[in-house]
Amino acid sequence: MSLHMIRGEARYHEIAVVLAEKISSGTYAVGEKLHARSNLATTFGVSAETARKAVQVLVELKILEVRHGSGCYVLSKEKAAAFAAQYQDVRSEKKMREELLQILEKQQQDAVRAKAILYDLEASAKKAENILLFTPFTLLIDTTCPHLNESIGALNLWHHTGATVVAIIRGSTTLLSPGPHAILKAGDTIYFVGDAKARQRMEAFLRP
């Protein structure tokens, strides 16, 4: 009987293996007459045809022999043990394959989950970045500023820094949305929006 046939694990193959295990363990001794196929069918809860096929498998492997008019007898304990061991090896291989498939399936599920988490992280980062763009930074203009008394327009501030000035506080006065003619003076606190690089460039440009 081929290994490929055993892999099918048809019901009659399973019964044949159980019988082979009983023979190899000594439950059925060599030369002992086996139960009638009708009894085997009842014992295993299968049809008589299925029981016949199980017996036939063992006959083909020369584990059992059929004596016409007498019945079925145990022929070889060694061949029964070899067949049972071969089946156990195949069953172990099948189990390992199933476990490997389960691991691969879990890895696939984890990869999908990781991809979803990454997408959420990217969305959160993008949201945070968008919020940052509309959260004003502040910068105090002191006497070290090289551009005192120059206008925002003359400095071409956005071109140099990428920042947009949204307000200037000078003492108790707040100038919202200052135009290009607004002058920078020492003591001014300017509010501007932009990304993190815009903030760095503003500090480098106005407070070198």
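Visitor: How many residues does H4 have, and how far does H4 reach from its first C-alpha to its last?

Guide: This is a predicted model. H4 has 13 residues and reaches 18 Å between its first and last C-alpha. That is close to the 18 Å expected at 1.5 Å a residue.

Visitor: How do I read the sides of a helix?

Guide: An α-helix has 3.6 residues a turn, so residues three or four places apart point the same way. Now take H4. Its buried residues are Thr50, Ala51, Ala54, Val55, Val57 and Leu58. Viewed down the axis of H4, they fall within an arc of 150°, so they line one face of the helix.

Visitor: Which exposed residues does the face of H4 turned away from its buried side carry?

Guide: Ala48 and Glu60. Beyond the helix, look at the backbone too. Lys62 follows H4, and its phi is positive, near 60°.

Visitor: Thr50 is in helix H4. Is Thr50 buried or exposed?

Guide: Buried means under 20% relative accessible area. Thr50 has 18%, so it counts as buried. Setting aside neighbours within four places in sequence, Thr50 is in contact with Arg11, Tyr12 and Ile15.

Visitor: What is Leu58 in contact with, leaving aside its neighbours within four places in sequence?

Guide: Ala16, Leu19, Ala20, Ile63, Leu64 and Phe83.

Visitor: Which residues of the largest nonpolar core touch the most other members?

Guide: Leu19, Leu58, Leu64 and Phe83, in a core of 26 residues.

Visitor: Now the strands. What order do they take in the open sheet?

Guide: Strands of a sheet pair through backbone hydrogen bonds, either parallel or antiparallel. Here 4 strands form an open sheet in the order S3-S6-S4-S5, and the pairing is antiparallel. At the edges stand strand S3 (137-140) and strand S5 (173-176). Each has a single partner strand, so one side of each is left without a neighbour in the sheet. On average, neighbouring strands are turned by 20° against each other, direction ignored.

Visitor: How many bridges join S4 to S5?

Guide: 4 bridges, with strand S4 (residues 164-170) running antiparallel to S5. Ile169 stands opposite Thr174 in S5. The hairpin of S4 and S5 has 2 residues between the strands. There, Gly171 takes a positive phi near 65°.

Visitor: Which strands of the sheet does helix H8 touch?

Guide: Helix H8 (residues 196-206) packs on the sheet and touches S3 and strand S6 (189-193). Then check direction. That of H8 makes about 145° with that of S6.

Visitor: Which residues of H8 are buried?

Guide: Ala198, Met202, Phe205 and Leu206. Down the axis of H8, they fall within an arc of 75°, so they line one face of the helix. They pack against S3, helix H6 (152-155), helix H7 (157-161) and S6.

Visitor: Which residues are exposed on the other side of H8?

Guide: Lys197, Gln200 and Ala204.

Methods: Residues are numbered from 1 along each chain as its sequence is written. This is a predicted model: local features need pLDDT of at least 70, side-chain atom pairs count only at pLDDT 80 or more; totals for chains, interfaces and linings use all residues. Side-chain values use heavy atoms; hydrogens and water are left out. A nonpolar core is a set of buried Ala, Val, Leu, Ile, Met, Phe, Trp, Tyr and Cys residues joined through side-chain atoms within 4.5 Å. Buried means under 20% relative accessible area, exposed over 50%, partly exposed in between (1.4 Å probe, protein chains only). Contact means heavy atoms within 4.5 Å. Two strands pair if DSSP finds at least two bridges between them. Axes are lines fitted to C-alpha atoms, for helices over the stretch in contact, and angles run from 0 to 180 degrees between N-to-C directions. The expected span of a helix is 1.5 Å times one less than its number of residues. The arc is that of the directions from the helix axis to the C-beta atoms.
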